[in-house]
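Q: I'd like a close look at a single part of this protein, please. Could you walk me through how its pieces pack together?

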Amino acid sequence: MLLSEREKEIRILHLVREKGAVSRQEISDRLSLNNSTVSILVVRMIKEKLLQEKGRGTSRGGRKPSLLQLNPSQAYFIGLDMEAVALRGMVSDFAFQKLAYIKKDISPQETRSSILKKIISLLNELIEKSGIDRGKISGIGIGAPGLIDPDTGVVISHALMPHWENVPLKDVLYAECHLPIFVENNTRTRLLAEKWFGVGKEAQNIICIDVRSGIGTGILVNGQMYKGASNSAGEIAHVCVDKNGPLCACGRRGCLEAVASELSILKTASRIKRKKVDIEEFWQELEAGNKKWEELLQRAGRYLGLVVAQLIDFFNPELIIVEGRLIRREDTFIEEIRKTAKENALSLPYQKVRILPSTLGEEGGCLGSAAWVWKENYGGGRV
Ligand SMILES: [Zn+2]
C-alpha cells in the first residue's frame, strides 16, 4: 500500500506519542519506512515544530542515536469533562503535560443557562490559570454525559439532568471562544485516555465502565472506538437489574444506575444518616469501619458484576476498566465485581478478561478530552 506523506507523518506522530521518545531508526523499523524517507519527514516535522530533539538514546554499537519527542509548545488544548454533579477542566500542552486544572460543582437540577455560564467561566479561568495565550489554544474537547450528536455537538438528553436537553453545546461555546470545539460522550473521551495513557495501552478490545453520578461504557473493538448506529452504544445505565428496585431518574425501576452509581450510593447513605453524605465523608467513614457503607459498596459491586458478566459473554473483551470515585479501595468494589462476574459469566471468555481499576484518577476524563482534540487536529482522527 502506498502511503501519502501526510499519512506517514500521522503514523510518526502517533508512534512518538506512544513511546514518549524514539530514534529515527526505531521509526523506520516500526513503521517499515526507509531511512531516507524518515530523515526527510523528521526534518520537516521539526521545522513545523511538531517534533523536537530530546538527548540521546542507547546505542546498538557506535554513536548513540538522538531521540525525538513531541514538541510541547506546538499547541495547547483544553479538555473538559462533565458529569451531572461536576465540571472538570484541564489545559494541556501538545505532549499532554497538565498546565492547569480546575473543578467546579454543579447540580443535576441546575438550569441550562446556569450550567452554560459555569462552563464558560471555567474555560476563562483555565486559560488565565495556565498563562497560555488564547491564540495558542488549538481546540476544546468536551466529554459530556448522556446522548450526544458528535457531528452537530448537540447534547440530546441525560436522564439525570432534566434541564439539560437539546443543548447546542458546540455552537454556544464556539460563539463564546471562537475555537474548534469537539463534543463527545464522556465515556468515549475517558476510554481514549485509558487507551493512550492508562491501563488500556496494550489492549485492542476494551470496555471502559464509568461509575460516576451515572453509569456508562466506552467500547473499543479491534482498536476502533465503537459508537453504534445512533452514537448511543454502551448506554448500560438503564439495564434492569432488580424489577423491585428503587425508582430510577428515567422513570423505571431497578436500573443499574439506580442501584450501583456513586449518586445512588450516596443517596442511600444520606437516607440512612438523615443528612447529606458526600463522597469524601463516605470514604472517611468506610475507612473508619462503617459496615453499612461496606455493604452498600458490596451490593453495588454485585449488581455491576451481573451486568459485567453479560458484557463478558456477549462481547468477549480482553480488558474491562472500571473508573470512578467508588474505586479507591481495590478490595471491596472491584473484588465484588470480579467475583460476581466470575460466577455469572461463561468460563471461556472470563478466563481471557482482566477487570482492572483505572489508574488515571479524577483528572483522567479531562486528559481524554484534551487528547480528543489532538486526535482530531493532528492524529488523523485515529485512536
Ligand atoms: Zn433508568
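In what kind of crossing, right-handed or left-handed, does helix 10 pass helix 11? Please go on from there to the surroundings of these helices.

A: Happy to! One thing to keep in mind is that this is a predicted model. Helix 10 passes helix 11 in a right-handed crossing. Helix 10 covers residues 291–315 and helix 11 covers residues 333–344; their axes come within 7 Å and cross at roughly 45°. That angle is why helix 10 counts as oblique to helix 11.

If you want to find the contact on your screen, look on helix 10 for L297, Q298, A300, G301, R302, L304, G305, L306, V308, A309 and I312. Facing them from helix 11 are F333, E336, I337, K339, T340, A341 and N344. Sorted by class, this contact has ten nonpolar, five polar and three charged residues.

Helix 10 has another neighbour, helix 8 (residues 262–273), and the axes of these two come within 11 Å and cross at roughly 150°. Helix 8 is therefore roughly antiparallel to helix 10. This crossing is right-handed as well. Here I265, T268, A269 and I272 of helix 8 meet K292, W293, L296, L297 and A300 of helix 10. The residues of this contact divide into seven nonpolar, one polar and one charged.

Strand 13 runs antiparallel to strand 12 (residues 215–221), and two bridges join them. In one of these pairings, V221 has Q224 of strand 13 as its bridge partner.

Finally, the wider setting. The domain assignment gives domain 1 (5–70), domain 2 (75–186 + 364–377) and domain 3 (199–357). The C-alpha centres of domain 2 and domain 3 lie 25 Å apart, and their contact takes twelve residues from domain 2 and ten from domain 3. On the domain 2 side, strand 8 (residues 147–149) gives the most, with three residues. That side divides into eight nonpolar, two polar and two charged residues.

Conventions: Residues are numbered from 1 along each chain as its sequence is written. This is a predicted model: local features need pLDDT of at least 70, side-chain atom pairs count only at pLDDT 80 or more; totals for chains, interfaces and linings use all residues. Axes are lines fitted to C-alpha atoms, for helices over the stretch in contact, and angles run from 0 to 180 degrees between N-to-C directions. Helices (H or I, at least four residues) and strands (E, at least two) are DSSP runs, numbered from the N terminus. Angles under 35 degrees count as roughly parallel, over 145 as roughly antiparallel, 65 to 115 as roughly perpendicular and the rest as oblique. A crossing is left-handed if the near helix is turned anticlockwise from the far one by less than a right angle, and right-handed if clockwise. Two residues are in contact if their C-beta atoms, placed from the backbone, lie within 7 Å. Ala, Val, Leu, Ile, Met, Phe, Trp, Tyr, Cys and Pro count as nonpolar, Asp, Glu, Lys and Arg as charged, and the others, Gly among them, as polar. Two strands pair if DSSP finds at least two bridges between them. Domain bounds come from an automatic or database domain assignment.
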